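Please take a look at the chain shown here.

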Amino acid sequence: MNLIASTLTSILSNENAVLSWENLTPNQQQKIQQGIDSQSHPSCVVYPHSQAELAAVIAIANKHQWRVLPCGRGSKINWGGLAKNIDIVVSTEHINQLIEHAVGDLTVTVEAGMQFAHLQGILAKSGQTLALDPAEPESATIGGIVATADTGSLRQRYGGVRDQLLGITFIRADGQIAKAGGRVVKNVAGYDLMKLFTGAYGTLGIITQVTFRVYPIPDTSGTVILTGKVELISQAARILQGSELTPTQVDLLSSKLVTNLDLGTGIGLIARFQSVSESVEEQSKRLLAIGEKLGLHGRIYAANQEADLWQRLPEQIHDPVTESTITCKIGVLPTQAVEILNNIEIGLIHLSSGLGLVRLKNQEQILPLRNLCTANSGFLTILSASVELKKNIDVWGDIGNSLAVMRGIKKQFDTQNILSPGRFVGGI
């Protein structure tokens, strides 16, 4: 056992809590190497079993200036920039307990290593749900979802991850435990660090516990698909946005994505309504009528048909096909979303926010699409791609004049730059 692994083993209660690099399986090694920029490799992977143990690990790492790559179960360890010169990988997957579920207050507090699917199972027993739809929901952990700000189409109704966070607990770079927010919906205490930590990719601290607001599970659900010509889908989208209809999810789909899902031909608009059955039926019929009036092909999917469709939708983008496949997150003005989507082979854009996901075949497609997004007041960032590609192209793109501020924040939270160095904007 190497020196770092031996030192960390001595402070942890579980003798199997530290695995030297040589003792990892080839699959574990490969997954970690997808997220680091180095010819070398970390000394070990550490699995603390409590918040206190994690704090002790980070305190020692800070003392010795060991560079740390935090993760949950590693489902998004290859997102964002490449971490540099990592000494240890720290996993929170064993820090995974339910702390409190206040059913009447519609809040839940859990440790960061709990898997999203497991939490949804707990909430479902009380007729409630966490209104997020992250990539790889079966393996994604709560901490990883917050650290990468990962949610999808449910933004239409519920907003993003930071909109649903009420409080967090995290380990600072010096190993101290800190908190922000609280466990109640109406809480204005302290600085709003939840928004700062959401999407920071573990560069400011390691999230150990979070409190979310939750929602009742809707009585029923229905989905409408409209497909056809670009200009007609654009009209349908504008009419929907200006109407009294209240969809939970609305996405614009590229023509190739429509074809892959066997939904028809042309650009697509998919809208989901969730409420009492009468409301869902009426709203679905009204949107279908809008599409038919415009000459679009339309179809209604009932609750027993649509769940599989909404599951397959993100899988078309996130599931790996080849090592050269590139997954990107884009943002554009919602009014320009249909036009942008017409230039994309496989992708979707959330109608209300203009945020979306795109799957590209090769590096040559990145800069033209990034320039197109930028010209429409948007952005393109690379989520997953080969290590070689990420070494040769800026993952995050131009962020304007905010880099100095971001570096100042990083220095305040992580003076010695030991947490996820290189993974965020500008090599932070």
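Domain bounds here come from an automatic or database domain assignment. The model is predicted. For the protein chain, the assignment gives domain 1 (3–93), domain 2 (98–216), domain 3 (220–316) and domain 4 (326–392).

**Domain 3 against domain 4**

The C-alpha centres of domain 3 and domain 4 lie 22 Å apart. Domain 3 puts 18 residues into the contact, and domain 4 puts in 13 residues. The size of an interface is often given as the accessible area lost when the parts come together. Between domain 3 and domain 4 the buried area is about 1400 Å². Carbon and sulfur atoms give 66% of that area.

Is strand β19 enclosed or open? Strand β19 spans residues 346–350, and five of its five residues are buried, so the strand is largely enclosed by the rest of the structure. Ile346, Leu348 and His350 point one way from β19. Gly347 and Ile349 point the other way. Both sets are buried.

Strand β15 (residues 249–253) runs antiparallel to β19, joined by three bridges. Here Leu253 has Leu348 of β19 as its bridge partner. Strand β20 (residues 355–360) is also antiparallel to β19, and four bridges join the two. Ile349 has its bridge partner in β20, namely Gly356. β19 and β20 form a hairpin with four residues between the strands. Gly354 in this hairpin takes a positive phi near 80°.

Strand β10 covers residues 165–171 and is joined to β11 by five bridges, antiparallel. Gly167 has Gly181 of β11 as its bridge partner.

Asn62 sits in α3, which spans residues 51–64. Is Asn62 buried or exposed? Asn62 counts as buried because its relative accessibility is 18%, and the cut-off for buried is under 20%. Leaving out residues up to four places away in sequence, Asn62 touches Ala173, Asp174, Gln416 and Ile418.

**Cysteines**

How many disulfides does the structure hold? The count is zero. A disulfide would need a pair of cysteine sulfur atoms within 2.5 Å.

| Cysteine | Nearest cysteine sulfur | Distance |
|---|---|---|
| Cys71 | Cys44 | 12 Å |
| Cys373 | Cys328 | 9.0 Å |

Cys71 is in no disulfide, and Cys373 is in no disulfide either. What of their burial? Cys71 counts as buried because its relative accessibility is 16%. Cys373 is buried too, with a relative accessible area of 0%.

Definitions and conventions
Residues are numbered from 1 along each chain as its sequence is written. This is a predicted model: local features need pLDDT of at least 70, side-chain atom pairs count only at pLDDT 80 or more; totals for chains, interfaces and linings use all residues. Side-chain values use heavy atoms; hydrogens and water are left out. Buried means under 20% relative accessible area, exposed over 50%, partly exposed in between (1.4 Å probe, protein chains only). Contact means heavy atoms within 4.5 Å. Two strands pair if DSSP finds at least two bridges between them. Buried area is the accessible area (1.4 Å probe) that two parts lose on being put together, summed over both.
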